[in-house]
Amino acid sequence: MTSHRDQKLLPIFIGLLLFFFSTNIFASDYNVLDSVEKAAENLIKQQVTLPEKGKLKVTAAELDNRLRFSTCSAPLEATLPGKQNLSGNVTVLVKCPTENWQLYVPVNVQLTLPKVVASVALGRGMVITRDKLSIQMVESRFQRGNSFEDPNEIIGSKVKRSVKLGEMIQARDICLVCRNDTVIIRAGTGGLNIVTEGKALSDGAIGEEIRVQNRTSRRMIDAIITAVGEVTVKY
């Protein structure tokens, strides 16, 4: 016959037993969800080609721990549904082939690259000096057009479009040679180098071809911008 003391201990024992099993179930579910998140992140890391100086941060959304999935007895399968850009917010489909369940996982992808930005507000017509520039990691999805990684590339150039403090400087914002600027014209053939002055007839950046007027001969020529205030003519 069950004693009064045993009757009191029985509910406690049952409660502890239920707590033990529920805790194990929760832990099991947590491990499954953790594996799902990591599978989604690993897929993105495998898909993204990391540039030499770039940094990649991949973060899967924390899944609701109320979700219940059985432990998968085979490796999880992760795929990218549809056509998606691997930047910003991406959705990864994670499947368990043996237990026949699947889950869509939101993943945030941040690929950043070092870029030259304005350390002060740059007004139109301002000449850029080193103290006006800094280097910051900028997300690739916010990069449009040609930008710069080395401040030395644009020191001495002139601002033709206002740039806000902290904003990335793009080629369209500046001119290494600006229209009506006096430029050095370098011309060479064989071992002979000729240096003279000219007048730029349009704006341009490094590597671009512009029209230049030779101040001495008044002749119009096509020249390649090779540095700030300098163009080269090839014969």
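1. A disulfide is taken here as a pair of cysteine sulfur atoms within 2.5 Å. The model is a predicted one, in which local features need pLDDT of at least 70 and side-chain atom pairs count only at pLDDT 80 or more, while totals for chains, interfaces and linings use all residues. Residues are numbered from 1 along each chain as its sequence is written, and side-chain values use heavy atoms, with hydrogens and water left out.

2. Two disulfides are present in the structure. With the bonded cysteines of the protein chain numbered in sequence order, they pair 1-2, 3-4.

3. C72 is bonded to C96, with an S to S distance of 2.1 Å. The S-S torsion of C72 and C96 is about 95 degrees, so this disulfide is right-handed. C72 sits in the loop between β1 (55-60) and β2 (77-79), and C96 in strand β3 (residues 88-96), so the bond ties together parts 24 residues apart in sequence. Strands are DSSP runs (E, at least two residues), numbered from the N terminus.

4. C72 is buried, at a relative accessible area of 19%. C96 is buried as well, at 2%.

5. The other disulfide joins C175 and C178, whose sulfur atoms are 1.6 Å apart. The torsion about the S-S bond of C175 and C178 is about 80 degrees, so this disulfide is right-handed. Both C175 and C178 are buried.

Key. Helix = DSSP H or I, 4+ residues; strand = E, 2+ residues; numbered from the N terminus. Buried < 20%, exposed > 50% of the residue type's maximum accessible area, 1.4 Å probe, protein only.
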